[in-house]
Amino acid sequence: MDRFHSPSAYVFYGLFAFLILATLVAQFLIRSGRVTEPTAGNLTQRIRAWWVMIGVLALIFTLGAGAITLFFALCSMAALREFATITHTRRDDHDGLAIAFYLILPLQYLLVYFEVPVFAALLIPVYSFLLLPVVTVFKGEVQGFLTRVSETQWGLMVCVYCVSHIPAILTLDIPLYRYSAFTLVAWLILVVQASDVLQYIWGKSIGRHLLAPRVSPSKTVEGLVGGMLSATVLGMALTPITPFRWWEAGLIALTVTGFGTLGGLIMSAIKRDRGVKDWGTLVQGHGGILDRLDSLVFSAPVFLHILAWGWM
Amino acid sequence: MTATIAARMTRAGLVAAARVLLSLRAIDLPPKGSGPRVLVANHVSHADFVALWSVLPKQLRLQTRPVAGADYWERSDLRRWTANHVFRAVLIDRDPASRRSDPVEAVAEVLRSGEDVIFFPEGTRNLTDARLLPLKSGIYHLARTVPEVEIVPAWILNLDRILPKGAFLPVPLNCAVRFGTPMQVGPGESREDFLNRLSSAMLALAEAKG
């Protein structure tokens with residue numbers, strides 16, 4: 001029964017309590033007419049999606065490391081699908097994409113799960129980078145060659161390599177830390193996702209100055225600062241469940257939310273360039289899975305390296 | 001016609017599989033008016049019909065029948081069963097030399113009974129590099145025979161990238177079906193003009209973004 005009394009379990013109890021509160025507040029705001037359509041519908045949809053997402057995360061955390069790794073492998077699959085869909089890849093890239101989906105992706109997660117960190121670190125940035133274009137080169141189509149192979153490589157880096165760093169955190173065995181690495185994964189996901197939500201709320205309420213108007217029409221400086229700072233406070237408040245001191249927790253929270261925000265901007269620029277608003281339609285009210293994962297994608301590797309260098 | 005349980009289960013399975021594997025969605029599906037309509041789409045793979053059919057809302061799907069080549073679908077018992085009971089296909093003989101009944105009349109009959117049809121106006125699967133083959137005149141004759149029918153142009157996106165010719169492993173990409181504004185054949189509009197208008201409407205959907 002230990003897994004129901006671990007710090008990560010308590011994080012989820014807190015989240016469920018918060019979701020109940022959010023649902024009640026949203027219903028009150030909608031019923032009393034303070035929030036009207038279309039915002040009301042979107043709000044309901046978003047909260048429902050959060051119930052599903054947090055429910056699924058709670059379930060896989062209860063099931064263990066295998067379930068978490070498998071879950072993020074499936075997330076990678078869905079994310080890579082969204083990414084590959086909007087690239088310039090064409091028929092001649094079919095074999096390369098098939099290898100990315102059916103060979104490299106599963107292999108990466110097997111390397112993570114069976115703790116072969118050296119190969120997990122090299123497979124995509126080195127071997128897929130060197131060998132995957134070979135498959136395409138023999139197709140003989142040179143038009144847009146660099147664009148197409150780069151896009152496939154970018155898709156693998158963003159959707160598979162970076163995402164696989166989240167379950168990779170579970171393989172860390174941190175000396176003198178009372179809890180398991182599960183707690184750190186929960187801390188990372190909570191802080192980074194909270195930063196996203198809080199940036200949205202701060203931006204909606206006091207946002208004036210657009211951060212990068214050509215890249216993202218909704219991100220404001222006020223939202224960014226307010227969201228990152230309040231998520232950092234949240235991260236610091238959770239210091240007792242981390243191996244960090246309170247000011248270290250603050251600095252690390254600031255770093256991961258910073259990378260998360262930059263990730264969101266970079267992914268927005270790609271969407272904008274390709275003329276789409278959302279990556280997909282998988283998560284109701286949120287767009288695609290990449291719309292939800294983008295900030296984690298850019299913060300997970302940094303978080304893993306901070307832990308590996310500073311606490312091991 | 002009552003669907004047998006096996007046919008119903010096959011149908012539900014196919015639709016669920018298509019929706020999950022292809023992450024299908026409909027873009028700009030026009031609401032159904034009072035009259036019958038013909039959904040007209042590009043044809044690049046065997047999965048086209050299932051894709052187009054699966055994005056329709058269930059009520060609409062059950063009264064939408066594909067028009068398919070009898071030569072292909074009557075080749076085995078399984079295919080014949082699938083065509084007749086799972087898809088409720090309107091099978092037509094594509095060979096003018098051998099056929100005994102008028103295929104346009106067979107489809108027109110279905111439309112007059114109030115059901116919609118899915119029609120691939122290229123007449124066959126497009127295995128070339130061109131985006132769209134020259135349209136056959138069947139769709140023009142159909143629109144002339146049933147003047148109140150609405151022709152809804154549609155474009156099935158990405159299926160040619162998911163399973164290009166010669167490949168046996170589908171790559172999972174998001175697939176969508178984009179619909180255009182319903183059109184009708186104008187009074188006195190010639191066959192060439194109508195077919196040109198229809199193919200430009202379809203190609204415009206292929207180029208559209210979002």
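This is a predicted model: local features need pLDDT of at least 70, side-chain atom pairs count only at pLDDT 80 or more; totals for chains, interfaces and linings use all residues.
UniProt positions are given in the numbering used here, and annotations may be inferred rather than shown by experiment.

Entry 1. I looked up the annotation "transmembrane region" for chain A, which comes from an unreviewed UniProt entry. The record places it on residues 12-30, 50-75, 96-114, 120-142, 154-172, 184-202 and 249-270 of chain A. I then examined two of these spans in the model. Residues 184-202 of chain A are 100% helix and 0% strand, with end C-alpha atoms 26 Å apart. For residues 120-142 of chain A I found 78% helix and 0% strand, and a distance of 31 Å between the end C-alpha atoms.

I also consulted the domain assignment of chain A. It gives domain 1 as 1-63, domain 2 as 66-171 and domain 3 as 179-312. Taken over C-alpha atoms, the centres of domain 1 and domain 2 of chain A are separated by 32 Å.

**Entry 2. Helix 9 of chain A.** What span should helix 9 of chain A have at 1.5 Å a residue? Its 28 residues, 246-273, should span 40 Å; I found the end C-alpha atoms 41 Å apart, which agrees. Just after this helix, A:Gly275 takes a positive phi of about 75 degrees.

**Entry 3. The contact of the two chains.** I recorded 17 residues from chain A and 13 residues from chain B in the contact. On the side of chain A that touches chain B, helix 3 (65-85) and helix 4 (94-113) of chain A each supply at least two residues. By class, that side of chain A has six nonpolar, six polar and five charged residues.

**Entry 4. The sheet of chain B.** In chain B I traced an open sheet of seven strands with mixed pairing, in the order 1-7-6-2-5-3-4. Which strands stand at the edges? They are strand 1 (25-27) and strand 4 (90-92) of chain B; each has a single partner strand, so one side of each is left without a neighbour in the sheet. Direction ignored, neighbouring strands are turned by 25 degrees against each other on average.

Strand 1 of chain B runs parallel to strand 7 (residues 176-179) of chain B, joined by three bridges, and B:Arg25 stands opposite B:Ala176. Strand 3 and strand 4 of chain B also run parallel, with three bridges; here B:Ala68 stands opposite B:Leu91. Strand 3 of chain B pairs with strand 5 of chain B as well, in the parallel sense over three bridges, and B:Thr64 stands opposite B:Asp116.

Key:
Residues are numbered from 1 along each chain as its sequence is written. Chains are lettered from A and ligands numbered from 1 in the order in which they are written. Helices (H or I, at least four residues) and strands (E, at least two) are DSSP runs, numbered from the N terminus. The expected span of a helix is 1.5 Å times one less than its number of residues. Two residues are in contact if their C-beta atoms, placed from the backbone, lie within 7 Å. Ala, Val, Leu, Ile, Met, Phe, Trp, Tyr, Cys and Pro count as nonpolar, Asp, Glu, Lys and Arg as charged, and the others, Gly among them, as polar. Domain bounds come from an automatic or database domain assignment. Two strands pair if DSSP finds at least two bridges between them. Axes are lines fitted to C-alpha atoms, for helices over the stretch in contact, and angles run from 0 to 180 degrees between N-to-C directions.
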